[in-house]
Amino acid sequence: MVTQPGPADQPAPGAGTGPAEQDALRPRSLSPSRAGDFLSCPLLYRFRVVDRLPEPPSPAAVRGTLVHAVLERLFDRPAADRTPACARSLLGPEWQRLAEAEPQLSALFEADEQRDVWLSEAAAMLDRYFTLEDPRRLEPAHRELHCEAVLESGLLLRGYIDRLDVAPSGEIRIVDYKTGTAPREEFEARALFQMRFYALVLWRSQGSVPRLLQLMYLGSGEIIRYTPDEADLLATERKINALWRAIERARDAGDWRPRPSRLCDWCAHKAICPAFGGTPPPLPDPAAIPVPTAEAAPLAGEPPAAGEAPAAGEGPAAGEGPAAGEPPAAGESPSSGEEPAAGEAPAAGPAAVPPPAT
């Protein structure tokens with residue numbers, strides 16, 4: 001399942017430490033969240049990866065993390081117990097666990113009433129989940145799966161998959177939960193980029209193309225499904241390699257341009273963004289610029305990616321995002337009805353897979 005970095009990715013003992021040697025030894029890794037950052041705004045990528053600026057948690061982000069945690073714990077229960085009432089009963093304990101692990105989260109709410117409203121919104125998302133699928137008929141193969149693969153270019157891809165379902169026949173479905181609302185049709189390709197990224201990682205590490213990619217939007221109760229093929233994943237690989245080359249060019253030139261959009265309303269760094277009259281901190285020496293290392297599981301509810309809408313009543317309008325197309329430096333363009341799914345109980349019959357999206 002996980003492909004570990006090869007010897008070429010590990011610094012040799014006693015290797016030189018000059019700028020050229022440091023660049024040669026620099027790990028080359030990318031996650032879908034950081035790829036999405038650069039596609040949305042190269043300066044945001046710089047703030048998160050190069051400067052590593054702290055970002056305060058927001059109620060929407062923490063709620064996304066909480067809902068993800070409850071859905072993960074739900075599958076620890078016997079199948080017959082996976083009911084809406086069970087999911088709601090997990091909310092309080094999971095919130096307490098998160099708050100104990102990160103005490104600053106308690107400061108998100110000025111009064112208990114605010115926290116209670118926030119928890120009720122999370123409960124509504126969990127109720128909506130049960131309108132999309134029946135977890136009593138599912139036995140996921142993996143939850144919060146850390147996966148890695150090294151491309152022929154030497155670039156290491158890594159990420160966390162919310163849920164991986166494997167049918168008895170071996171067919172794989174990748175499932176991702178979103179606590180925002182589904183994007184408009186013209187933004188679906190951007191919303192699916194993360195899923196194609198994961199599909200590429202699994203294909204390169206396992207040798208088989210996942211049969212189905214599924215995005216579940218708990219803010220609106222909608223599902224986006226996509227059936228990838230090898231040609232699709234090869235195009236995704238070319239795009240990711242081109243994207244990494246653009247990141248390296250930006251790093252070498254120290255040119256991290258802002259890309260203003262409605263998503264700026266969500267950005268924790270708006271005050272220091274030159275697009276809004278701010279001044280970023282000085283860039284460190286290029287040879288000392290850090291690069292992404294093994295990431296912790298991403299904050300599930302962080303601001304939406306380009307084209308993805310936040311939960312109703314929060315942030316940009318539904319489907320609002322940057323204009324279609326990549327940042328100029330990237331140099332390359334990206335390429336219903338419920339059915340039994342991979343991982344469902346055998347009694348449900350073989351998984352029916354929808355035709356590829358066009």
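Helix α4 is mostly covered, with 13 of its 16 residues buried (buried means under 20% relative accessible area, exposed over 50% and partly exposed in between, with a 1.4 Å probe and protein chains only). This is a predicted model, in which local features need pLDDT of at least 70 and side-chain atom pairs count only at pLDDT 80 or more, while totals for chains, interfaces and linings use all residues. Residues are numbered from 1 along each chain as its sequence is written, and side-chain values use heavy atoms, with hydrogens and water left out.

The protein contains 8 helices and 6 strands (DSSP runs numbered from the N terminus: H or I of at least four residues for helices, E of at least two for strands). Of its 358 residues, 48% count as buried. From its first C-alpha to its last, α4 reaches 22 Å, close to the 22 Å expected at 1.5 Å a residue (the expected span is 1.5 Å times one less than the number of residues).

One partner of α4 (residues 59-74) is α6 (residues 112-132); their axes come within 10 Å and cross at roughly 45 degrees. Axes are lines fitted to C-alpha atoms, for helices over the stretch in contact, and angles run from 0 to 180 degrees between N-to-C directions. The two helices are therefore oblique to each other (angles under 35 degrees count as roughly parallel, over 145 as roughly antiparallel, 65 to 115 as roughly perpendicular and the rest as oblique). On the α4 side the contact includes P59, V62, L66 and V70, and on the α6 side W118, A122, M125 and Y129 (contact means heavy atoms within 4.5 Å). The contact residues divide into 14 nonpolar, no polar and 2 charged; Ala, Val, Leu, Ile, Met, Phe, Trp, Tyr, Cys and Pro count as nonpolar, Asp, Glu, Lys and Arg as charged, and the others, Gly among them, as polar.

Among the contact residues are V62, L66, A69 and R73 of α4 and A87, L91, E94 and L98 of α5. By class, this contact has 11 nonpolar, 1 polar and 3 charged residues.

Phi of R52 is near 50 degrees, a positive value in a residue other than glycine. Most residues other than glycine have a negative phi. R52 is partly exposed, with a relative accessible area of 48%.
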